[in-house]
Amino acid sequence: MSDKDFDILVIGGGIAGTALAAQVAGCKRVAVLEMEAQPGYHSTGRSAALFAETYGNPIIRSLTRASRDFFFSPPPEFTQDRLVAPRRVMIFGCEEKREAFETYIAAELPGSNLDLIDAAAALALCPVLKPEGLLGAVVDSASADIEVHTLHQAYVGQLKRNGGLLVLSARVEAISYDWGTRRWSVQTSAGCYRASILANAAGAWADHIASLAGIRPVGLEPRRRTAALVDVPEGLDAHDWPMILDAEESFYMKPDAGLMLISPADETLSEPEDAQPEELDIAIAVDRVETYTTIEVRRIKSKWAGLRTFVKDRSPVVGFDPSQHSFFWMAALGGYGIQTAPALSSLAAKLLLKLSVSADLEAMKIEENDFSPARLFRALAPIGQDRFKQNKITG
């Protein structure tokens, strides 16, 4: 076997690809192919970095809850550094959006660990909120900031300790499958790599990778999210302030290394690309911050954008493709890939290795069909082996 022959090739070196590869590298020969000169350059490196069990749809929430113990007490062999730091989340309500706030309370508060506080208590937690019309807030005290770089590098370290390979500057140019040898060939800018199984963790580019491989795309929707860093008002220490957002999630802000991260919480459809912030989105974020808080934004310290990639039901796409059982999807994580990484990568690794996941799913109270790529094709005619061969693109 040559130095470019593996059991599994993982395309994409973000949190999804590295976490998955790190989990399977102990028992399979694995290589991760990353198109950039550094892993995690795109969505992983541009995340708001929050752990919140109330964030996302029910599938995301289940995966997040299952990841909690790992984040707060990581195995010592994984990392000696902390992965999270406490950060409350506060969803405030104001008179002009009373209905949205009351709807949020009715939907989220019953049976949860959230706390409903009055306007005075909300101002005590975040003194820059405007008191006029403030109704109160819902507080999640079990949330936390995630040390994304530490987490990502720990997975890279685990991958390498387990004998896996991370190949940088390896942009995929062509993919073909040999039915005789039952092996994939992936031509990249760093050479040609081969493996029996191809795992697609390419983020916003995952449908493009599928098309190169002759696999039907799942209908990914990359959506741009914009963020900026601004100054904290002079004389105030924001270190312990919560992340705040309104009940409609039309913006959010949170302390970040002595500054304030602000975002309009935008979800603008985009092509797969190196996303860049639009001036209009930055202006919207500033306007909303100045509408609901006493902060006056005088300068933008830095700004960026990232892509959060979804499918229609906003649940991950994880599992073998129904038309080609050596093509594995790890896609559509929708901006939740970091907070769900421990549980989702463990689950995905077992599926990739064809191990039983019934106990994991039972513990999380979810079903495999909730995230399997097969769910997206049920209304369509299946693609058989012959059609797969016909659609194969070799570059």
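This report goes from the whole chain to its strands, its cores and one histidine.

**Basis and confidence**

This is a predicted model, in which local features need pLDDT of at least 70, side-chain atom pairs count only at pLDDT 80 or more, and totals for chains, interfaces and linings use all residues. Residues are numbered from 1 along each chain as its sequence is written, and side-chain values use heavy atoms, with hydrogens and water left out.

The average pLDDT (the predictor's confidence in each residue, from 0 to 100) is 93 for the chain. At least 70 is reached by 95% of the residues. Residues 381–395 stay under 50. For that stretch the model has 26 contacts (heavy atoms within 4.5 Å) beyond four places in sequence. Where pLDDT is low, the predicted coordinates should not be read in detail.

**Overall shape**

The chain holds 10 helices and 20 strands. These are DSSP runs, numbered from the N terminus: helices are H or I with at least four residues, strands are E with at least two. The radius of gyration, taken over C-alpha atoms, is 22 Å, close to the 21 Å from the globule rule for 395 residues, so the chain is as compact as a globular protein of that length. That rule is 2.2 Å times the number of residues to the power 0.38. The C-alpha trace spans about 70 × 45 × 40 Å along its principal axes.

Of the 395 residues, 56% are buried, meaning under 20% relative accessible area; exposed is over 50%, and partly exposed lies in between (1.4 Å probe, protein chains only). Among contacts between residues at least 6 apart in sequence, 72% join residues at least 24 apart.

**Strand pairing**

Strands pair here if DSSP finds at least two bridges between them.

| Strand | Partner | Bridges | Direction |
|---|---|---|---|
| β13 (residues 221–231) | β16 | four | antiparallel |
| β15 (residues 252–256) | β16 | five | antiparallel |
| β3 | β8 (residues 144–146) | two | antiparallel |

Strand β16 (residues 259–263) is mostly covered, with five of its five residues buried. Leu 259, Leu 261 and Ser 263 point one way, while Met 260 and Ile 262 point the other way. In a regular strand the side chains alternate between the two faces of the sheet. Leu 259 is the bridge partner of Asp 231. Ser 263 is the bridge partner of Tyr 252. The hairpin of β15 and β16 has two residues between the strands, and Ala 257 takes a positive phi near 50° there.

A three-stranded open sheet has the order β3-β8-β4, with antiparallel pairing. Its edge strands are β3 (50–51) and β4 (84–86), each pairing on one side only. Leu 50 has Asp 145 in β8 as its bridge partner.

**Cores**

A nonpolar core is a set of buried Ala, Val, Leu, Ile, Met, Phe, Trp, Tyr and Cys residues joined through side-chain atoms within 4.5 Å. In the largest one, of 51 residues, Leu 151 and Phe 328 touch the most other members. Helix α8 (residues 341–352) gives the largest share of this core, eight residues. A second, separate core has 38 residues, including Leu 9 and Tyr 177. Beyond four places in sequence, Phe 328 touches residues including Leu 20, Leu 198, Phe 320 and Leu 351.

**His 152**

His 152 is in helix α5 (residues 148–161). Is His 152 buried or exposed? His 152 counts as buried because its relative accessibility is 4%. Among the residues His 152 touches beyond four places in sequence are Gly 13, Gly 14, Thr 18, Pro 39 and Thr 44.
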